Amino acid sequence: MEKIEAYDAIIIGTGQAGKPLAIGLAKEGWKVAIIEERFVGGSCINYGCTPTKAMIASARAAYIISRSNDFGIHTGAVKVNLGEVVRRKDKIVKSFRKSSEHSLESNKNVKLIFGTASFLSGNEILIKLKNGNVKKIKSENIFINTGTTPFIPEIEGLGEIEYFTSESLMNLKKIPEHLIIIGGGYIATEFGQMFRRFGSKVTMIEKSKRLLSSEDEDVSCEIEKILTDDGLKIFTSADIQNVKKTGKENIKENIKKNISIKLKINSGNTNIPKQKIITGTHLLIAAGMKPSTDKLDPGKAGIKTDDKGFIKVNEVLMTNITGIYALGDVKGGPAFTQISYDDYRIVFSNLTRKPKTKIKTTKDRMVPYTVFIDPQLGRVGMNEKEAKEKGIKFKSAIFSMKYSARAIETGETRGFIKALVNKANGKIIGGAVLGPEGGEIMAILEIAMIGSLKYTQLRDAIFSHPTFSENLNNLFLKFDF
């Protein structure tokens, strides 16, 4: 009989929850096996946060240079070498990945195994190794951190053309002539603005009535205005009828076979949908993400999933099977690196807690996030829809960046700051900062919320001048209780 090696913990995936959990448990003396199918570091390091933000930085540099005349600085035409942009991105990614891999391999209590994991039972894992062999291991503590992959919608003709995902598009060496993007969420808006600044013509197609439809309407409308001002063509309330290949490939001009997309647009003053055909050279599918559970076979362990395949967990991130947990994007909910990392903190704290120490849960935790369009959107707490659904009486106010001294001085006057304040106690319950360094300014609102500060304390605080932070004075002056 084949001997199955036993571990104190098995972690499937090396993302922003899996890796620190492995190291943390190992320091506590646990014998840990951590399994990785592709690259150490998960999606954030390899094809999410790190590479996209590195390329967005290059796109912003091109944008600032293109505006140099506004600042009295005169240069020649801006020329973007996408191959060099990608090489810079790859260098940063490999550096981060190597550091993460080293931190696991250098720990004597951690066994890093490269292969594809699947459940055999509630405590046994089968691993298909990179060399073609298989290995079985077991543990009474199993942690799933396999993340998500791009969701590809069912569209007539899509299987007959070449299309890109957010991962594969970042490996292009030549700038697309005309990039068509299916989707209007966080990934779509970041990539759309990025490639427009690289020099591509960009068209976005979104089936909802507006971009970033989970945000307040005034926020998403302002973002659409910013992107339109940047030269993007945006179609909302658009249903895709089919996708086709048209035209001929021109290798010399780096133009692939043209892509034709037939739309039915439902917006406007008439009830009759408008038909439109859009043609482009490259197609990006950015229509959401799906859980990476197809190879995992969670059903063999009796693990319950929802109708989309996301693993169901409770407030301490345990599945319906005792000893099996799911962390990060694979469990559904907010799909952000910081949430994945907080999942690790919750699980690690509960596994190693001392008697009478309070159990940590996901209940009522804040979900701050930043959309790295330019200007950034930093968000924390409730938006208006969520506050209304909870029956909270609130007031909201907006301060436009066009009245900000720092924004005027730096030529960055697009966007606004918005806050929601509870009428009953004057406490801040949510905020959106659409402006330069929006994510950093949002963090000030988050800290105020953590400290249960009243809006008057930020209204009356002394901030350094001239900074973007001092705009909070002006924002909270607009509230009158």
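User: What should I know about the numbering and the model before we start?

Analyst: Residues are numbered from 1 along each chain as its sequence is written, and side-chain values use heavy atoms, with hydrogens and water left out. The model is predicted: local features need pLDDT of at least 70, side-chain atom pairs count only at pLDDT 80 or more, and totals for chains, interfaces and linings use all residues.

User: Why are α1 and α8 called roughly parallel to each other?

Analyst: The axes of α1 (residues 18-27) and α8 (residues 337-352) cross at roughly 25° and come within 9 Å. Helices are DSSP runs of H or I with at least four residues, strands are runs of E with at least two, and both are numbered from the N terminus. Axes are lines fitted to C-alpha atoms, for helices over the stretch in contact, and angles run from 0 to 180 degrees between N-to-C directions. Angles under 35 degrees count as roughly parallel, over 145 as roughly antiparallel, 65 to 115 as roughly perpendicular and the rest as oblique. α1 and α8 are therefore roughly parallel.

User: Which residues make the contact of α1 with α8, and how do they divide by class?

Analyst: From α1 come Pro20, Leu21, Gly24 and Leu25, and they meet Tyr341, Tyr344, Val347, Phe348, Leu351 and Thr352 of α8; contact means heavy atoms within 4.5 Å. Eight of these residues are nonpolar, two are polar and none is charged. Ala, Val, Leu, Ile, Met, Phe, Trp, Tyr, Cys and Pro count as nonpolar, Asp, Glu, Lys and Arg as charged, and the others, Gly among them, as polar.

User: How do you know that α1 and α4 are roughly parallel too?

Analyst: α1 and α4 pack at an angle of about 25°, with their axes 10 Å apart. That angle therefore puts α1 and α4 in the roughly parallel class. Lys19, Ala22 and Ile23 of α1 and Ser100, Ser103 and Leu104 of α4 make the contact. By class there are three nonpolar, two polar and one charged residues.

User: What makes Glu190 buried?

Analyst: Buried means under 20% relative accessible area, exposed over 50%, and partly exposed in between, using a 1.4 Å probe and protein chains only. Glu190 has a relative accessible area of 8%, so Glu190 is buried. Glu190 lies in helix α6. Leaving aside neighbours within four places in sequence, its contacts are Thr52, Lys53, Ile56, Thr370, Val371, Phe372 and Ile373.

User: Why is Asp297 called partly exposed, and what about Ser452?

Analyst: Asp297 counts as partly exposed because its relative accessibility is 30%. Ser452, at 40%, therefore also counts as partly exposed. Asp297 lies in the loop between β16 (289-291) and β17 (324-326), and Ser452 in the loop between α11 (438-450) and α12. Phi is near 55° in Asp297, a positive value in a residue other than glycine. Ser452 has a positive phi of about 55° although it is not a glycine.

User: What makes a set of residues a nonpolar core, and how many residues has the largest?

Analyst: A nonpolar core is a set of buried Ala, Val, Leu, Ile, Met, Phe, Trp, Tyr and Cys residues joined through side-chain atoms within 4.5 Å. The largest has 41 residues, and Phe195, Phe198 and Met204 have the most contacts inside it. α6 gives the most to this core, with five residues. A second, separate core of 24 residues includes Ala22, Ile23, Val40 and Phe143.
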